[in-house]
Amino acid sequence: MAKEPVRVLVTGAAGQIGYALVPMIARGIMLGADQPVILHMLDIPFAAEALNGVKMELVDAAFPLLKGVVATTDVVEACTGVNVAVMVGGFPRKEGMERKDVMSKNVSIYKSQASALEQHAAPNCKVLVVANPANTNALILKEFAPSIPAKNITCLTRLDHNRALGQISERLSVQVSDVKNVIIWGNHSSTQYPDVNHATVGDKPVRELVKDDEWLNGEFITTVQQRGAAIIKARKLSSALSAASAACDHIRDWVLGTPEGLWVSMGVYSDGSYNVPAGVIYSFPVTCKNGEWTIVQGLAIDEFSRKKLDLTGAELTEEKELAYSCLS
């Protein structure tokens with residue numbers, strides 16, 4: 001018996017990431033090859049014509065799983081009945097802008113979109129925030145959508161996770177699918193901590209295989225932290241394809257589950273695990289089952305890692321205070 005369609009919202013859908021993401025969703029990469037979808041696409045009035053062009057292309061692609069497209073500039077229409085919301089739209093930092101200016105703009109956007117999701121989304125809607133500052137945008141969304149459970153509001157650090165897998169794969173000349181259980185701790189920013197202390201290839205620890213602690217504790221970390229900036233420099237545009245792919249990975253694993261013995265990185269509402277500040281959205285290693293994520297517990301944290309976890313936690317606490325100051 002055919003499954004009921006799942007309604008998936010993509011905000012900022014006429015932008016670069018949205019344009020890469022919507023065909024992936026329509027093809028079944030996010031929710032599975034047998035799951036019909038109805039796409040809800042939202043963008044600002046300025047982008048309405050481009051958004052309609054994206055809708056035309058979706059129609060022209062004749063995706064068998066795509067059972068309908070809502071393309072709108074109205075946030076209520078966009079949010080009505082959605083089961084999954086991928087929040088790609090946000091206000092980017094522009095030259096000469098202070099962090100507080102960017103935060104203030106995004107607080108306003110996420111407050112409005114949170115209210116619409118709160119009132120009009122389907123019960124148990126799952127939310128993934130992609131737009132930066134992703135962790136703190138997700139926190140603001142949580143504040144203004146109190147009926148959406150905190151566990152249903154996440155942010156994207158899977159892109160950083162995938163970047164870390166890619167770097168190890170290239171360094172060891174192995175298939176990326178053979179690299180398991182890297183971790184991204186903390187903020188989706190330059191303070192994030194890509195951690196390979198528990199990662200393996202086959203049954204061997206990555207540290208043992210790489211045999212270069214200086215690289216793993218230095219260049220590897222900064223490469224992952226600054227990969228987005230490197231792509232902007234090379235492409236003259238921000239990473240869109242890899243971000244869209246990571247968003248699909250994040251939702252797919254969350255909804256369909258992670259394979260046994262494998263964990264992934266997700267920005268989730270901190271309960272204080274690993275002595276991380278509670279009440280911020282922080283990236284942890286998680287496993288997923290039956291549509292729920294669970295933080296992997298009991299991993300050993302060495303002194304080097306402890307400092308990194310604390311540093312990115314402190315930045316998130318500072319961002320939270322900055323965001324809340326924009327509310328007053």
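## Annotated C-terminal span

In residues 157-323, the end C-alpha atoms lie 20 Å apart, and the span is 47% helix and 19% strand (helices are DSSP runs of H or I of at least four residues, strands are E runs of at least two, and both are numbered from the N terminus). The UniProt annotation "domain: Lactate/malate dehydrogenase C-terminal", from an unreviewed entry, covers residues 157-323; such annotations may be inferred rather than shown by experiment.

## Basis of the model

This is a predicted model, in which local features need pLDDT of at least 70 and side-chain atom pairs count only at pLDDT 80 or more, while totals for chains, interfaces and linings use all residues. Residues are numbered from 1 along each chain as its sequence is written, and side-chain values use heavy atoms, with hydrogens and water left out.

## Helices α6 and α11

Helix α6 (residues 158-172) and helix α11 (residues 241-256) have axes that come within 8 Å and cross at roughly 105 degrees. Axes are lines fitted to C-alpha atoms, for helices over the stretch in contact, with angles from 0 to 180 degrees between N-to-C directions. The two helices are therefore roughly perpendicular to each other (65 to 115 degrees; under 35 is roughly parallel, over 145 roughly antiparallel, the rest oblique).

From α6, Arg158, Leu159 and Asn162 meet Ser242, Ala243, Ala246, Asp249, His250, Arg252 and Asp253 of α11, contact meaning heavy atoms within 4.5 Å.

## Helices α1 and α2

The axes of α1 (residues 16-26) and α2 (residues 48-61) come within 11 Å, crossing at roughly 30 degrees. That makes α1 roughly parallel to α2. Tyr19, Val22, Pro23 and Ala26 of α1 make the contact with Val54, Glu57 and Leu58 of α2.
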